[in-house]
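Have a look at the model, then read on.

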Amino acid sequence: MAENMMHAVQYSSYGGGAAALKYVEVPIPSPKKGEVLLKLEATSLNPLDLKIQKGMMRPFFPRKFPHIPGTDVAGEVVKVGAGVKDFKTGDKVVAALGMASGGGLGEFVVAEQSLIVARPPQVSAVEGSGLPIAGISAYQALTSAGVKLDGSGPQLNLLITAASGGVGHYAVQLAKLGNTHVTATCGARNLDLVKSLGADEVLDYNTPDGAALKSPSGCKYDAVIQCTSGFIPWSTLEPNLSTNGKVIQLAPSATVYMTYAVKKLTFSKKKLIPLHAEPNKKDLDYLIKLIKEGKLKTIIDSKHPLSKAEDAWAKCLDGHATGKIIVEP
Ligand SMILES: NC(=O)c1ccc[n+]([C@@H]2O[C@H](COP(=O)([O-])OP(=O)(O)OC[C@H]3O[C@@H](n4cnc5c(N)ncnc54)[C@H](OP(=O)(O)O)[C@@H]3O)[C@@H](O)[C@H]2O)c1
């Protein structure tokens with residue numbers, strides 16, 4: 001392969017699932033002003049990557065085809081663009097890439113300095129690459145729910161659904177840094193894992209009580225961090241909420257927005273709040289610090305080589321990941 005070329009995985013139109021991914025040779029991108037070129041060490045996939053491929057974010061993402069997907073990366077700085085002062089060649093970092101540009105499934109990737117943070121040696125590339133979307137979403141969902149991660153504030157009863165997934169497994173661990181009682185839902189095979197992450201009680205979502213989201217200890221939830229991709233109707237959520245309980249919804253749909261509007265217009269004390277997580281340097285830095293201090297970990301579902309990224313994609317599409325799905329060059 002020529003010196004200025006790299007391997008990458010890309011798709012050329014909307015749809016097509018894992019079969020539409022092609023392992024190709026493309027030119028190594030060049031960092032522009034304020035950008036950094038990274039040699040990839042790990043990328044983690046998110047359901048968002050699949051939604052972009054399905055065309056659910058059109059016409060905004062992706063901006064053009066062919067598109068190299070992937071937004072959450074860890075790597076080493078190999079070149080810096082003009083005006084980059086905070087990073088130098090050889091730095092190990094974690095970065096959130098723009099949804100429009102993507103690029104995570106490439107041996108080299110360009111990242112904007114405003115969304116790059118340093119990665120200390122205690123945090124592996126694989127662990128760090130799990131954080132940008134899933135970790136930040138979990139963190140922002142909890143702060144929207146009023147949880148203070150320094151343990152201050154009154155105790156809150158939380159329900160975290162899909163606690164075995166990419167977002168959910170971080171949410172359980174982060175919630176337990178605050179003053180919370182956590183009820184979590186997951187499938188039978190992950191009950192022990194989710195308990196080990198700190199959940200106070202765990203429900204199998206395939207049982208009647210699990211499907212009804214009923215707390216075994218009988219508590220009503222001050223907040224639900226709703227991480228399932230599938231829809232849970234308000235009629236199931238509402239009876240489990242405390243008087244001022246709120247549902248933070250990570251996978252908003254038309255029905256979710258409708259319910260949100262109705263609750264707002266009727267001044268309902270119980271609220272449904274659609275969440276749109278905003279990757280940012282401050283939150284990413286905080287999460288990396290927690291991993292360094294041993295207060296947070298990334299559970300790895302599986303690791304796949306870049307040349308077999310379609311297997312990782314298919315696994316993500318399957319919707320049954322336990323933790324994060326990782327692709328390595
Ligand atoms: N709004 C935002 O900013 C934002 C940010 C991040 C993510 N999201 C969205 O949030 C959703 C979750 O993302 P993710 O990365 O956590 O997904 P994920 O890793 O693919 O979630 C998979 C996990 O969900 C579990 N699960 C599925 N249905 C369940 C149910 N009814 N009850 C309990 N657990 C269930 C699965 O368990 P089993 O294998 O046992 O079935 C699996 O462990 C996605 O729709 C994603 O697009 C939104």
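## A proline tucked inside

Pro279 is buried, with 21 other C-beta atoms within 10 Å. (Buried means 20 or more other C-beta atoms, placed from the backbone, within 10 Å of a residue's own; exposed means 12 or fewer, and partly exposed is in between.) This is a predicted model, where local features need pLDDT of at least 70 and side-chain atom pairs count only at pLDDT 80 or more, while totals for chains, interfaces and linings use all residues. Residues are numbered from 1 along each chain as its sequence is written.

Where does Pro279 lie? You'll find Pro279 in the loop between strand S13 (271-274) and helix H9 (281-292). Helices (H or I, at least four residues) and strands (E, at least two) are DSSP runs, numbered from the N terminus. Leaving out residues up to four places away in sequence, Pro279 touches Ala96, Leu115, Pro132, Ile133, Ile136 and Leu284; contact here means C-beta atoms, placed from the backbone, within 7 Å. Pro279 and Gly98 are 181 residues apart in sequence, and their C-alpha atoms are 9.3 Å apart in space.

## Two domains

The protein splits into domain 1 (5-130 + 298-328) and domain 2 (134-274), with bounds from an automatic or database domain assignment. Their C-alpha centres lie 29 Å apart. The contact between them takes 9 residues from domain 1 and 9 residues from domain 2. On the domain 1 side, those residues divide into 3 nonpolar, 5 polar and 1 charged. (Ala, Val, Leu, Ile, Met, Phe, Trp, Tyr, Cys and Pro count as nonpolar, Asp, Glu, Lys and Arg as charged, and the others, Gly among them, as polar.)

## Around the ligand

Both domain 1 and domain 2 give residues to the shell around the ligand, so it lies between them. Of the 31 residues around the ligand, Gly165, Gly166, Gly187, Tyr205 and His320 come nearest; a residue is near if its C-beta atom, placed from the backbone, lies within 6 Å.

## One face of helix H10

Helix H10 (residues 309-318) has Ala309, Ala312, Trp313 and Cys316 as its buried residues. Seen down the axis of H10, they fall within an arc of 100°, so they line one face of the helix; the arc is that of the directions from the helix axis to the C-beta atoms. Their cover includes strand S1 (5-10), helix H1 (47-54), strand S14 (300-305) and strand S15 (324-328). Just after H10, Gly319 has a positive phi of about 80°.

Definitions and conventions:
Two residues are in contact if their C-beta atoms, placed from the backbone, lie within 7 Å.
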